[in-house]
Amino acid sequence: MFDFKRITQQTDLYNLHTHSQYCDGHAPMEEFVTEAIALGFTHLGFTPHSPISVESPCNMSREQVQQYFDEMERLRSAYGDRIALYTAMEIDYVSVGDGPASDYFRQMPLDYRIGSVHFIPAIDNPSEMVDIDGKFSDFKVRMSKHFGGDIEYVVKTFFSQMMAMVDEGGFDIVGHMDKIGFNASQYRDGIDEEPWYDKLVIDLFENIMDHHYTIEINTKAWLQRNRFYPNLKYFGMLKRFNAPVVVNSDAHYPTLLNSGRLEAIKLLNVL
């Protein structure tokens with residue numbers, strides 16, 4: 001098993017959630033590596049969005065997987081004496097048998113796996129999977145087109161998908177466990193403060209703890225949206241249960257490799 005505890009205890013300068021040219025990142029992998037070295041990072045993990053069974057411009061294709069592995073080996077040869085580089089993947093959970101637990105992903109030579117949910121079934125067509133991640137402007141359009149404006153269906157289905165992914169397994173880190181909260185709160189102000197929403201988060205957290213997974217504190221939206229995933233109000237729960245945690249920037253640009261990470265670590269440590 002990948003030793004997250006060793007990495008997170010010995011240095012603040014790591015990032016284990018990084019996207020590059022093989023999915024929706026905005027720079028070649030080598031630019032992330034050179035920037036990480038310049039910043040003093042000692043560990044960097046790449047996590048392209050996995051090949052997926054539905055149409056998505058953000059996910060790598062199966063044909064790109066070997067290219068990604070080959071590029072990782074080249075970068076390790078070129079920079080491995082200055083930084084530890086890890087071959088990983090952010091794997092989408094779509095449905096039963098179509099996610100991190102599938103044989104396809106289990107057989108990949110990955111150092112670790114992040115399990116995430118970005119798609120949920122349309123309200124009137126369960127076979128149609130809809131992206132509920134990304135910009136709120138896109139989310140708002142999809143709310144009307146695919147979900148009939150039913151924001152509670154979207155939130156509850158997101159958490160249902162997360163629970164199913166945790167039960168199936170096949171990964172090491174739970175990615176941005178309550179990310180739906182931001183778009184949902186933009187659509188209906190205060191929804192993420194309602195008791196039923198809190199219960200969904202707490203139930204998911206307890207299920208993650210029962211399965212002994214590591215939880216990601218995702219800092220990607222901190223500077224722009226003043227939000228972590230999980231939300232800052234749940235940090236106390238992480239501390240109270242001594243949950244294993246990694247703090248990742250979910251970087252899509254080299255300049256954002258450390259964005260929000262040190263703030264999250266400081267806030268986590270003062271609780």
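Four elements, β3 (84-92), β6 (129-131), α5 and α9 (222-225), each supply at least two residues of the lining of the largest pocket, where helices (H or I, at least four residues) and strands (E, at least two) are DSSP runs numbered from the N terminus. The model is predicted, so that local features need pLDDT of at least 70 and side-chain atom pairs count only at pLDDT 80 or more, while totals for chains, interfaces and linings use all residues. Residues are numbered from 1 along each chain as its sequence is written, and side-chain values use heavy atoms, with hydrogens and water left out.

**Largest pocket**

- The largest pocket holds about 890 Å³ of space; a pocket is an open set of points on a 1 Å grid over the protein atoms alone, with protein on both sides within 12 Å along at least five of seven lines, and lining residues have an atom within 4 Å of a point.
- Of the 40 residues that line the largest pocket, Asp24, Asp133, Gly134, Lys135 and Lys220 are the closest to its centre.
- Helix α5 contributes the largest share of this lining, four residues, and the lining as a whole divides into eleven nonpolar, 14 polar and 15 charged residues.
- In that division, Ala, Val, Leu, Ile, Met, Phe, Trp, Tyr, Cys and Pro count as nonpolar, Asp, Glu, Lys and Arg as charged, and the others, Gly among them, as polar.

**Largest cavity**

- The count comes to one cavity of 30 Å³ or more, a cavity being a set of grid points where a 1.4 Å probe fits but cannot get out.
- About 70 Å³ of space lies in the largest cavity, a volume being the space filled by probe spheres set on the points, which are joined across faces, edges and corners.
- The residues lining the largest cavity include Asp133, Gly134, Phe158, Arg225 and Tyr229, and helix α7 (residues 180-187) gives the most to this lining, with three residues.
- By class, the cavity lining divides into six nonpolar, two polar and three charged residues.

**Helix α11**

- Within helix α11 (residues 261-270), the buried residues are Arg261, Ala264, Ile265 and Leu268, with buried meaning under 20% relative accessible area, exposed over 50% and partly exposed in between (1.4 Å probe, protein chains only).
- Seen down the axis of α11, these buried residues fall within an arc of 100 degrees, so they line one face of the helix; the arc is that of the directions from the helix axis to the C-beta atoms.
- On the other side of α11, Lys266 and Val270 are exposed.
- The buried residues of α11 pack against β1 (14-15), β8 (214-218), α10 (235-240) and β9 (245-248), contact meaning heavy atoms within 4.5 Å.

**His146**

- His146 lies in helix α5 (residues 136-147) and is buried, with a relative accessible area of 14%.
- Leaving aside residues up to four places away in sequence, His146 touches Ala122, Ile123, Glu128 and Val130.
- The side chains of His146 and Glu128 are joined by a polar contact of 3.4 Å.
- A polar contact is a pair of N or O atoms within 3.5 Å; within protein, one must be able to donate a hydrogen and the other to accept it, and residues adjacent in sequence count only if both atoms are side-chain atoms.

**Backbone geometry in loops**

- The peptide bond from Tyr229 to Pro230 is cis, with omega near 5 degrees, and Pro230 lies in the loop between α9 and α10.
- His176, in the loop between β7 (173-174) and α7, has a positive phi near 25 degrees and is buried at 1% relative accessible area.
- Asn242, in the loop between α10 and β9, has a positive phi of about 50 degrees although it is not a glycine, and counts as exposed at 66% relative accessibility.
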